[in-house]
Amino acid sequence: MFRVIPAVDLKDGKVVRLRQGKENEITFEAENPVEVAKSWVEKGAKVLHVIDLDGAFQGKMRHEDIIAEIASLAEVQVGGGIRDFKVAERLLDLGVERVIFGTLAVEKVEEVREFAESWERRVMIAIDSKKGRVAVKGWKETASLTPIQLAEIYDDLRVSFLYTNIDVEGLVSGIEREKIAEVVKALRNPVYIAGGITSVENIRFIKRSGATGVVIGSALYTKKLKFEEAIRVEYEKV
């Protein structure tokens with residue numbers, strides 16, 4: 001089933017949106033993340049995408065209590081500062097459906113592979129693309145790998161992937177179609193897409209490309225895209 005997934009990014013106990021993931025470029029903020037999450041669920045969201053931005057920037061999760069509360073409302077996938085397998089395990093035990101490995105997936109390949117084998121379908125690998133290279137450590141550094149090279153390291157396991165195009169993330173400027181199609185076509189496991197999604201037509205294209213879902217943040221929070229319209233694509237034949 002294709003899913004339209006609202007993003008709930010946490011920073012300093014609030015929900016925020018950042019321009020291209022830059023720590024000090026906040027484009028939106030709201031109090032009470034649990035209430036924000038609840039409002040998406042009430043509008044029909046089956047899955048929520050929760051990122052601990054403080055964790056991503058500081059290398060250690062800061063909002064496990066909020067995440068646990070949100071995980072009681074809906075299926076959630078969680079990332080941001082999961083640099084420790086004990087933390088990942090604790091999140092899964094708290095009821096999180098999928099944990100997202102980004103930096104760790106680049107730096108500790110064998111350990112992440114081993115963890116993914118133990119927790120089949122509960123691990124999501126973040127393929128964060130910045131100018132054609134994989135971004136790590138809160139998107140502040142880039143590795144030598146291309147997004148597809150990183151994904152292929154894990155594509156033989158029962159994992160899912162989240163492809164984020166940082167070059168358009170948070171700009172509400174639209175998607176780069178060719179890059180999305182290339183990534184989805186190259187991989188056999190489920191691929192979710194984030195970054196730049198601004199219209200129902202963007203979502204339809206991503207669904208047609210064979211992706212499993214989309215994660216949408218800024219376009220929803222700035223009301224450029226209505227969630228009620230976006231979620232209808234889940235049920236459309238495209």
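Start by selecting G80, found in the loop between β5 (75-79) and α4. Helices (H or I, at least four residues) and strands (E, at least two) are DSSP runs, numbered from the N terminus. Before you go on, please note that this is a predicted model, in which local features need pLDDT of at least 70, side-chain atom pairs count only at pLDDT 80 or more, and totals for chains, interfaces and linings use all residues. Residues are numbered from 1 along each chain as its sequence is written, and side-chain values use heavy atoms, with hydrogens and water left out.

**Around G80**

Is G80 buried or exposed? G80 has a relative accessible area of 14%, so it is buried. Here buried means under 20% relative accessible area, exposed over 50%, and partly exposed in between (1.4 Å probe, protein chains only). Now show what G80 touches: I51, D52, G55, A56 and M61, not counting residues up to four places away in sequence. Contact means heavy atoms within 4.5 Å.

**On to R62**

Next, select R62 in the loop between α2 (53-58) and α3. R62 counts as partly exposed because its relative accessibility is 43%. Leaving aside neighbours within four places in sequence, R62 is in contact with D52, D54 and G55. The C-alpha atoms of R62 and D93 are separated by 17 Å, and the two residues lie 31 apart along the chain.

**Two helix pairs**

Two packed helices are described by the angle between their axes and the distance between the axes. The axes are lines fitted to C-alpha atoms, for helices over the stretch in contact, and angles run from 0 to 180 degrees between N-to-C directions.

Colour helix α1 (residues 33-42) and helix α3 (residues 64-71): they pack at an angle of about 25°, with their axes 10 Å apart. That angle makes α1 roughly parallel to α3. Angles under 35 degrees count as roughly parallel, over 145 as roughly antiparallel, 65 to 115 as roughly perpendicular and the rest as oblique. The crossing of α1 and α3 is right-handed; a crossing is right-handed if the near helix is turned clockwise from the far one by less than a right angle, and left-handed if anticlockwise. Show side chains for P33, V34 and A37 of α1 and for I66, E69 and I70 of α3, which make the contact. By class, the residues of the contact of α1 with α3 are 5 nonpolar, no polar and 1 charged. Ala, Val, Leu, Ile, Met, Phe, Trp, Tyr, Cys and Pro count as nonpolar, Asp, Glu, Lys and Arg as charged, and the others, Gly among them, as polar.

Then colour helix α4 (residues 85-93) and helix α6 (residues 109-118), which pack at an angle of about 20° with their axes 12 Å apart. α4 and α6 are therefore roughly parallel to each other, and α4 passes α6 in a right-handed crossing. On the α4 side, the contact is made by F85, A88, E89 and L92, and on the α6 side by E111, V112 and F115. The contact of α4 with α6 has 5 nonpolar, no polar and 2 charged residues.

**Into the core**

Select helix α9 (residues 200-209), where V200, N202, I203, F205, I206 and K207 are buried. These buried residues of α9 pack against β1 (3-11), α8 (177-186), β11 (191-194), β12 (213-216) and α11 (227-231). Just after α9, G210 takes a positive phi of about 105°.

Which residues touch the most other members of the largest nonpolar core? They are V99, F101, I203 and I206, in a core of 72 residues. A nonpolar core is a set of buried Ala, Val, Leu, Ile, Met, Phe, Trp, Tyr and Cys residues joined through side-chain atoms within 4.5 Å. A second, separate core of 15 residues includes A7, I51, F57 and A194.

**H49 in its strand**

Select H49 in strand β4 (residues 47-52). H49 counts as buried because its relative accessibility is 5%. Beyond neighbours within four places in sequence, H49 is in contact with I5, P6, A7, V8, Q77, I100, L162 and V215.

**Last stops: two loops**

Most residues other than glycine have a negative phi, and most peptide bonds are trans. D12, in the loop between β1 and β2 (14-18), has a positive phi near 55°. K131, in the loop between β7 (123-130) and β8 (133-136), has a positive phi of about 50°. D12 is exposed, with a relative accessible area of 55%, and K131 is exposed at 72%.
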